[in-house]
Amino acid sequence: GYKSASMLIDYMREKYYPCVLWADVVEENTASIKILNKLGFSRVKENVNAFKRDGKLYNVIDFNMRIE
């Protein structure tokens with residue numbers, strides 16, 4: 001959740017500054033999208049019908065965060 005993602009961002013900031021973090025989220029996963037937005041990630045691109053599982057097509061949203 002939010003706490004673990006925040007800790008990862010802090011670690012990346014400390015060890016790999018500057019960097020760009022990327023996250024991909026299935027569009028239906030609104031909880032993860034809210035967490036990424038709260039953390040400061042920006043929506044970059046929507047990949048329509050990015051993959052198919054059990055006969056259903058899913059859109060995937062790409063997010064990134066620049067740590068500078």
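## Exercises around strand β3

Val-25 has its bridge partner in β3 at Ile-61. This is a predicted model, where local features need pLDDT of at least 70, side-chain atom pairs count only at pLDDT 80 or more, and totals for chains, interfaces and linings use all residues. Residues are numbered from 1 along each chain as its sequence is written, and side-chain values use heavy atoms, with hydrogens and water left out.

**Exercise 1.** Find the strands that pair with β3.

*Solution.* Strands are DSSP runs of E, at least two residues, numbered from the N terminus. Two strands pair if DSSP finds at least two bridges between them. Start with β1, residues 19-26: eight bridges link β1 to β3, in the antiparallel sense. Next take β2, residues 42-53: β2 and β3 run antiparallel, joined by eight bridges. Here Arg-53 has Lys-56 as its bridge partner in β3.

**Exercise 2.** Explain why β3 is largely enclosed.

*Solution.* Apply the cut-off: buried means under 20% relative accessible area (1.4 Å probe, protein chains only). Nine of the twelve residues of β3 are buried, so the rest of the structure largely encloses this strand.

**Exercise 3.** Describe the surroundings of Asp-62.

*Solution.* Asp-62 is buried but has no salt bridge (a side-chain nitrogen of Lys or Arg within 4 Å of a carboxyl oxygen of Asp or Glu). Lys-45, the nearest side chain of opposite charge, is 5.4 Å away. Now check Asn-47: its side chain makes a polar contact with the side chain of Asp-62 at 3.1 Å (N or O atoms within 3.5 Å, one able to donate a hydrogen and the other to accept it).

Definitions and conventions: Buried means under 20% relative accessible area, exposed over 50%, partly exposed in between (1.4 Å probe, protein chains only). Lys and Arg count as positive and Asp and Glu as negative; His and the chain ends are not counted. Helices (H or I, at least four residues) and strands (E, at least two) are DSSP runs, numbered from the N terminus.
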